[in-house]
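Student: I would like to go through this model with you, one question at a time. Can we begin?

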Amino acid sequence: MLKIENLHARIGDTEILKGLTLSLGTGEVHAIMGPNGSGKSTLASILAGREDYEVTAGSITFDGVDLLELDATERAVAGIFLAFQYPVEIPGVSNINFLRTALNSIREQREEAPISGKDFLAKVKACAQLVELDGKLRDRSVNEGFSGGEKKRNEVFQMAMLEPRLAVLDETDSGLDIDALRIVSHGVNSMRSADRSFLVITHYQRLLDHIVPDHVHVLAGGRIVHSGGKELALELEEKGYDWIVDAQATEQA
Amino acid sequence: MSAAEENPLLDEFTRKEYEFGFTTDIDADTLAPGLNEEVIRIISKKKNEPEWMLNWRLEAFSVWQTMEEPEWAHVQYKKPDYQAISYYSAPKSKAPLGSLDEVDPELRATMDKLGISMEEQKRLSGVAVDFVMDSVSVATSFKDKLAELGIIFCSMSEAIQEHPELVKQHLGTVVPVKDNFFSALNAAVFTDGSFCYIPKGARCPMELSTYFRINEAGTGQFERTLVVAEAGSYVSYLEGCTAPQRDENQLHAAVVELIAKDDAEIKYSTVQNWYPGDAEGKGGVFNFVTKRGICEARAKISWTQVETGSAVTWKYPSCILKGDGSVGEFYSVAVTNNAQQADTGTKMIHLGANTHSTIISKGISAGNSQNSYRGLVQIGPRARNARNFSQCDSLLMTDTSGAHTFPYIETKNPTAHVEHEATTSRIGEDQIFYCLQRGLTEEQAIGLIVNGYAKEVLNKLPMEFAVEARKLLAISLEGSVG
């Protein structure tokens, strides 16, 4: 579904991704772990189409389509969703109005009819239950005055509403207490399906206790330096990243 | 050196005066540029005005001649040459266009985006319509309905002819001739405007809209509006139109006076979308307006404005809270883009006891524009327990635009409560990216963010107007984030 080949990207004069290669099959859940500053969030931003980053080499294809040719909106229409590490507040715009605009905009660009009011509300109800988002939060302005946990639940709520084909979760576990972590993970897990893939970016292994990945990759110095099964996460938790990063450095030398 | 070289203005003055003598015949119904007593006499005569009206104009003109164009506002523009303007032009019988295809495509695109119907587009852009237009019949049936209630809604010229006593009694009582440079000029040369009179206890059953009226006479360059609400009456008045108005008059100096007698309420909503000029601001309208209302006991005046047009805006809709327990409100969204400049705000003059006022101002600056809020809250010595709440927010879309706030507060009564809040924020690229990631287009994203920001004000507009105003905000700011 997603193929990233030898991706190089920079912001300003700083090169952040230095030859990243990664492949994600349909229905798979991949976790990306790595030390701070290794380029995890950059990868998420580039996948979503943020223009602050300049891709200098390499390619990304999504279902065979050159993703780098699409702007952020077109990528969303193609079915890519990013759960933000720091969800943005939009004062004066109700969560519900925002989602309805988003949903209908995507449908329009896919040349589908707008969703009916009744269907929309039924969907809102079902998706809100998934992450235990109460009515007040649905009607409030987008993320305004939400606690850290509420913001993350709202991201997963939006994801459930938009039903993406590829969901990128950028440190969705950061700032969550154990209950919120359980709720968010439950939301994500119930969306796992044979035709939907997830790229879970995290710094800590604990999220992967709840969202069990098929593959785990270590991103360090702008490249994937090690890949393995779900047990790799535990190993990283125990030993840290240094042994891999060091081994990589030795290998290169 | 001859006298003419020494004073070219004087030369032009005398020369132009001479020309006028020959332009009063019926065929050439536009006065040559220039302003002097004779011009005012001609305007008054053409409109068949009573003598008191002429004298009022002449007095205004003599006052205006002693005044200087104000410079305190935070705007820069080349002062108009007041002798280069033609002060009277009969309603234009412009050759109607054959079809919508002949209309400026840019203008049409905007009207399409605003969701204005084909029929409406034809009417607004002066295309000949070969069957009885809906709006005509709407306007007629609507006048009948108002007449039943004793409500007068007509052009100012008609009011001077048909209701001279009402006009004489109220005209210039809220905005005196001498008030300022532009109001004096307006008093001297205004050619038309609207007059609205709501009798005692009447509740006007519909929004009174210039929309119906304005096309009868064409937009006036110097409009004069007077709204009188007798005791216990209510009226909601809509001025302007969200459709783009390409106007060849560069200078607009309108005066609006509102009179709310005991327990009356006037709601006055404006959407202004005049031509802002090109990206450098060239050719745009100078909008120098004086708007003021007076409230008697327990009366309420509420100004709501959405300002997106004009190259330069100078405008402070104000309330004189004269009667005890009266209420003044001002809700404003002012958008400036490209090279536009706006200096707008309000004055709340608390004279009576227990008077309340609320000011909500939302400025949005894009491009290289400058957007200023200027407001005065004045509490007089007699105004016991007066209250004011002001909130002035500024939103910057670019780092080359400016937002300024000039609040003035003067209290002469220790029981007053005055609150002022102000914020300035930058529209986040983060906010826009968040919206794009959810599948919105950039246009939708900006529309949503800006409308969210201006929501408190937009909610005050009558329903139908609000829908159009929302779209207008998004269109005015299209592609302006940088």
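Tutor: We begin with one strand pair in chain B. Strand β13 (residues 327-336) and strand β15 (residues 356-365) of chain B run parallel, joined by 10 bridges. Strands here are DSSP runs of E of at least two residues, helices are runs of H or I of at least four, and both are numbered from the N terminus. Two strands pair if DSSP finds at least two bridges between them. This is a predicted model, in which local features need pLDDT of at least 70 and side-chain atom pairs count only at pLDDT 80 or more, while totals for chains, interfaces and linings use all residues. Residues are numbered from 1 along each chain as its sequence is written, and chains are lettered from A and ligands numbered from 1 in the order in which they are written.

Student: Which residue in β15(B) is the bridge partner of Glu329(B)?

Tutor: Glu329(B) has its bridge partner in β15(B). That strand runs parallel to β13(B). The partner is Thr358(B).

Student: Which strands stand at the edges of the open sheet of 8 strands in chain B?

Tutor: The order is β3-β5-β8-β10-β13-β15-β17-β19 (chain B), with parallel pairing. An edge strand has a single partner, so one side of it is left without a neighbour in the sheet. The edges are β3 (208-209) and β19 (417-426) of chain B.

Student: What angle does helix α15 of chain B make with β8(B)?

Tutor: Helix α15 (residues 463-476) of chain B packs on the sheet, touching β5 (234-240), β8 (265-272), β10 (300-307) and β13 of chain B. Axes are lines fitted to C-alpha atoms, for helices over the stretch in contact, and angles run from 0 to 180 degrees between N-to-C directions. With the direction of β8(B), the helix makes about 30°.

Student: Which element gives the most to the side of domain 1 of chain B that touches domain 2 of chain B?

Tutor: Chain B is divided into domain 1 (3-65) and domain 2 (106-476), with bounds from an automatic or database domain assignment. The contact takes 15 residues from domain 1 and 13 residues from domain 2 of chain B; residues are in contact if their C-beta atoms, placed from the backbone, lie within 7 Å. On the domain 1 side, α3 (37-46) and α4 (51-65) of chain B each supply at least two residues. The most, 9 residues, comes from α4(B).

Student: Which element gives the largest share of the side of chain B that touches chain A?

Tutor: Here 17 residues of chain B are in contact with 21 residues of chain A. Two or more residues come from each of α12 (429-437) and α13 (442-453) of chain B. The largest share, 6 residues, comes from α12(B).

Student: Is Phe98(A) buried or exposed?

Tutor: Phe98(A) lies in helix α3 (residues 95-109) of chain A. Its contacts beyond four places in sequence are Ile90(A), Val93(A), Val142(A) and Leu448(B). A residue is buried if 20 or more other C-beta atoms, placed from the backbone, lie within 10 Å of its own, exposed if 12 or fewer, and partly exposed in between. With 21 such atoms within 10 Å, Phe98(A) is buried.

Student: Which strands stand at the edges of the open sheet of 4 strands in chain A?

Tutor: The order is β2-β1-β4-β5 (chain A), with antiparallel pairing. Between β1(A) and β2(A) there are 8 bridges. The edge strands, each with a single partner, are β2 (14-24) and β5 of chain A.

Student: Which residue takes a positive phi in the hairpin of β4(A) and β5(A)?

Tutor: 2 bridges join β4(A) to β5 (residues 65-66) of chain A. Phe62(A) stands opposite Val65(A). The hairpin has 2 residues between the strands, and the positive phi, near 55°, belongs to Asp63(A).

Key. Two residues are in contact if their C-beta atoms, placed from the backbone, lie within 7 Å.
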